[in-house]
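Please look through the structure below before reading on. The paragraphs after it go from the terms to the whole chain, and then to single residues.

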Amino acid sequence: QVQLAESGGGSVQAGGSLRLSCAASGRTFSNSAMGWFRQAPGKEREFVAAISRYGTNTDYADSVKGRFTISRDNARNTVYLQMESLMPEDTAKYYCAARETFNSGAYYSHSNSYTYWGQGTQVTVSS
């Protein structure tokens with residue numbers, strides 16, 4: 001079992017930055033590929049970013065490429081999402097997700113690939 005807890009959300013003006021954190025507890029964090037997803041009111045949950053077990057591979061949604069950076073610190077059992085140049089359309093609840101995998105280079109962009117989910121943290125960007 002893996003427990004995930006997001007933090008770092010908040011309200012920011014367009015053009016601003018935020019860094020989200022997701023702390024994992026339970027089974028070995030480094031055995032898990034990690035992902036960030038978001039869900040805006042009235043919309044489906046969508047992929048934001050993913051990272052492999054040791055951070056060697058990453059993937060991003062086209063809408064956030066060049067603005068968001070996913071990273072992880074396996075010593076701290078934490079995955080991060082650095083968000084720059086935020087836009088009002090980035091407003092959503094952000095969730096982190098974990099999936100244990102034997103493939104150290106694997107990363108996953110589909111929500112149904114993940115086993116464990118956090119409760120989410122709200123990000124609101126005003127224009």
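A residue is called buried when its relative accessible area is under 20%, exposed when it is over 50%, and partly exposed in between, using a 1.4 Å probe and protein chains only. This is a predicted model, in which local features need pLDDT of at least 70 and side-chain atom pairs count only at pLDDT 80 or more, while totals for chains, interfaces and linings use all residues. Residues are numbered from 1 along each chain as its sequence is written, and side-chain values use heavy atoms, with hydrogens and water left out.

Begin with the whole protein. It has 0 helices and 11 strands, where helices (H or I, at least four residues) and strands (E, at least two) are DSSP runs numbered from the N terminus. Along the sequence the pattern is therefore written β-β-β-β-β-β-β-β-β-β-β. The radius of gyration is 13 Å, close to the 14 Å that the globule rule gives for 127 residues, so the protein is as compact as a globular protein of that length. That radius is taken over C-alpha atoms, and the globule rule is 2.2 Å times the number of residues to the power 0.38. The C-alpha trace spans about 45 × 25 × 25 Å along its principal axes.

Of the 127 residues, 46% are buried. The protein exposes about 6,300 Å², and carbon and sulfur atoms supply 43% of that area; accessible areas come from the Shrake-Rupley method with a 1.4 Å probe, and for residues only the protein chains shown count as cover. There are 12 positive and 10 negative side chains, and the centres of the two sets lie 6 Å apart. In this count Lys and Arg are positive and Asp and Glu negative, with His and the chain ends not counted; the place of a charge is NZ of Lys, CZ of Arg, CG of Asp or CD of Glu.

Contacts show how the chain comes back to itself in sequence terms. A contact means heavy atoms within 4.5 Å. Among contacts between residues at least 6 apart in sequence, 61% join residues at least 24 apart.

One link of this kind is covalent. The structure holds 1 disulfide, a term for a pair of cysteine sulfur atoms within 2.5 Å. The disulfide joins C22 to C96, with an S to S distance of 1.9 Å. C22 is in strand 3 (residues 18-26) and C96 in strand 9 (residues 92-100), 74 residues apart, and the pair links distant parts of the chain. The torsion about the S-S bond is about 45 degrees, so the disulfide is right-handed. Are the two cysteines buried or exposed? C22 has a relative accessible area of 0% and is therefore buried, and C96, at 0% relative accessibility, also counts as buried.

Strand 9 also holds A92, which is buried at a relative accessible area of 2%. Not counting residues up to four places away in sequence, A92 touches R38, Q39, A40, T121, Q122 and V123. A92 and G8, 84 residues apart in sequence, are 13 Å apart in space, C-alpha to C-alpha.

F68 lies in strand 7 and is buried, with a relative accessible area of 2%. With residues up to four places away in sequence not counted, Y60 touches F47, V48, A49, K65, F68, T69 and I70.

The loops remain. G120 is in the loop between strand 10 (116-117) and strand 11 (121-126). Apart from neighbours within four places in sequence, G120 is in contact with E6, K93, Y94 and Y95. The C-alpha atoms of G120 and Y94, which are 26 residues apart along the chain, are separated by 5.2 Å.

N77 sits in the loop between strand 7 (68-73) and strand 8 (78-83). Its phi is near 55 degrees, a positive value in a residue other than glycine, and N77 counts as partly exposed at 27% relative accessibility. S85 is in the loop between strand 8 and strand 9. The phi of S85 is near 50 degrees, again a positive value in a residue other than glycine, and at 42% relative accessibility S85 counts as partly exposed.
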